Amino acid sequence: MEDVLINKNREYPGVELLEDHEIMVSVKDGDVHKLGLLFDRHAQGLFNYFQLQVRDRFRSEDLVQNVFYKILKYRHTFKEGADFRVWMYAIARNEKVNFFKHNRSSDEEVNPEQPDENSNNPENDLASKTDKKHLGRALERISPDSRELLILSKYTGLPYNRIAEIYDCTVGAIKVRIFRAMQELKAQFVNIAEE
Amino acid sequence: MECNNIKELFVEYMDGSLDAKEAQKVDAHLSSCKECRRELETMKSLWFGLDALEMEKVSDRLKKNIDNMIDSYGLGIKNTRDEKWYASFLKWLESLWPSRPAMQLASTMALLIIGLLTGFSIGSRTESQKEIVQLKIDVNQLQQVVMSSILDQASVTERIRGLTMTSKMKNADTEFYSTLLLILNSDSNVNVRMAAVNALANFTGNEYVRRELVKSLNLQSSPLVQVSLIDLLATIKEPEASSALINIINDSGANIHVKERAKKALKQFI
């Protein structure tokens with residue numbers, strides 16, 4: 001067992017020069033400890049992706065772990081030359097769908113009638129703080145599809161062409177959908193400000 | 001160009017990914033359209049406002065969990081690589097394996113009996129101890145096949161049922177334990193992890209299992225699993241557990257019920 005633990009060391013010389021898909025190919029070939037490198041690179045983006053939709057720290061971390069477990073389990077299905085992040089977020093989207101299927105109580109849709117318990121709090125009078133809070137709430141209120149799209153484009157570092165690959169549509173279509181999602185966000189932001 | 005066509009370019013215009021020619025078109029339109037200018041200003045404040053939203057950071061606990069999962073998985077692969085001539089036969093056997101744990105157990109038992117009978121007949125005919133040893137190894141490999149099919153079960157109920165059945169197994173080996181420990185440390189479902197604690201409770205006679213159970217205490221996120229692990233370690237009076245228990249008691253972030261249980265367990269060691 002000892003030799004396996006020694007291999008855990010993530011200090012592979014020149015590793016920063018390796019592309020994600022090259023690392024993933026090594027993982028696929030059995031060097032599973034290199035997966036730690038991909039975790040270091042992408043765990044935060046993946047966590048943001050779940051946290052903004054599930055809104056529960058522990059569950060989001062569990063989901064991140066599930067994704068990495070699936071990556072190990074299905075590593076043989078990774079195609080050489082494919083984009084690792086596109087593959088990883090496709091797995092993540094599946095995990096998210098399953099999560100909401102089994103957790104109906106924490107429904108993907110947030111009840112728009114829910115009162116803002118902090119709206120009268122004098123500590124929140126600072127304009128920027130209130131704006132941030134309103135923006136966060138507006139993001140919760142838009143449709144799940146729009147929310148996911150904005151999260152992917154703002155918090156995961158994925159370029160539009162990769163997001164288009166995840167959704168299996170053209171880059172042009174993605175840009176239009178992001179614009180529509182922004183309009184939805186704006187409408188909710190205005191609603192909240194007027195409440 | 002109409003306002004709507006221009007607005008659809010706003011997202012790229014804001015993050016600078018629009019090509020120069022199209023950016024010029026947007027600029028030209030904005031200079032003559034007050035409504036679009038206002039719309040762009042609002043969009044900008046929201047678009048860059050999203051960047052300013054504070055995101056929580058990934059915890060060290062998750063990093064530890066992932067490292068542990070990779071270690072356990074790596075160990076499993078290493079063992080598979082060590083397989084000898086019977087590896088391809090077992091792969092073929094695995095492809096024939098029934099998906100229901102009840103059927104899996106029945107098949108294992110049947111194969112076990114065949115294996116033992118063959119072993120005895122060889123033993124009585126040739127008295128060749130070497131061959132019996134080889135057959136025993138094969139039986140151990142079969143345990144692995146059973147375990148890996150539990151790991152592959154998509155449904156939580158099936159995984160729990162599979163784990164419950166492992167209590168009937170005897171003469172387990174390290175690979176078998178490491179698979180159970182992998183489930184304990186990395187299964188996504190709390191109930192499955194709880195079932196893994198119960199399954200491992202049958203094998204606390206093994207030093208490796210006891211050591212890994214102590215390690216697992218720091219890796220668990222769910223208070224339920226932590227409590228059942230503490231109870232198990234207290235029952236077997238594992239001396240190595242005391243420092244892990246003290247860590248929990250001193251950890252400001254630990255669940256209050258878990259802390260209480262840890263204090264109670266620690267008293268049993270003193």
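## Chain A

Chain A has 195 residues, and 36% of them count as buried (20 or more other C-beta atoms within 10 Å of the residue's own, with C-beta atoms placed from the backbone; 12 or fewer is exposed, and in between is partly exposed). The model is predicted: local features need pLDDT of at least 70, side-chain atom pairs count only at pLDDT 80 or more, and totals for chains, interfaces and linings use all residues. Residues are numbered from 1 along each chain as its sequence is written, while chains are lettered from A and ligands numbered from 1 in the order in which they are written.

The secondary structure of chain A is 9 helices and 0 strands (DSSP runs numbered from the N terminus: H or I of at least four residues for helices, E of at least two for strands). Its pattern along the sequence is α-α-α-α-α-α-α-α-α. Take the contacts in chain A (C-beta atoms, placed from the backbone, within 7 Å) between residues at least 6 apart in sequence: 66% join residues at least 24 apart.

## Chain B

Chain B contains 15 helices and 0 strands. Of its 270 residues, 27% count as buried. Among its contacts with a separation of 6 or more, 66% come from residues 24 or more positions apart.

Helices α14(B), residues 241–250, and α15(B), residues 256–269, pack at about 145°, with axes 9 Å apart. Axes are lines fitted to C-alpha atoms over the stretch in contact, and angles run from 0 to 180 degrees between N-to-C directions. On the α14(B) side the contact uses S242(B), L245(B), I248(B) and I249(B). The α15(B) side includes V258(B), K259(B) and F269(B). By class, this contact has 8 nonpolar, 1 polar and 2 charged residues (nonpolar: Ala, Val, Leu, Ile, Met, Phe, Trp, Tyr, Cys and Pro; charged: Asp, Glu, Lys and Arg; polar: the others, Gly among them).

## Interface

Between the chains, 41 residues of chain A are in contact with 33 residues of chain B. Elements giving two or more residues to the chain A side include α3 (35–54), α4 (57–73) and α9 (171–194). The most come from α4(A), with 10 residues. This side of chain A divides into 22 nonpolar, 10 polar and 9 charged residues.

## Nonpolar core

The largest nonpolar core has 88 residues (buried Ala, Val, Leu, Ile, Met, Phe, Trp, Tyr and Cys joined through C-beta atoms within 7 Å). V64(A), F68(A), L185(A) and A196(B) touch the most other members. Helix α3(A) supplies the largest share, 8 residues.

Beyond its neighbours within four places in sequence, V64(A) is in contact with A43(A), L46(A), F47(A), F50(A) and L62(B).

Technical notes
Two residues are in contact if their C-beta atoms, placed from the backbone, lie within 7 Å.
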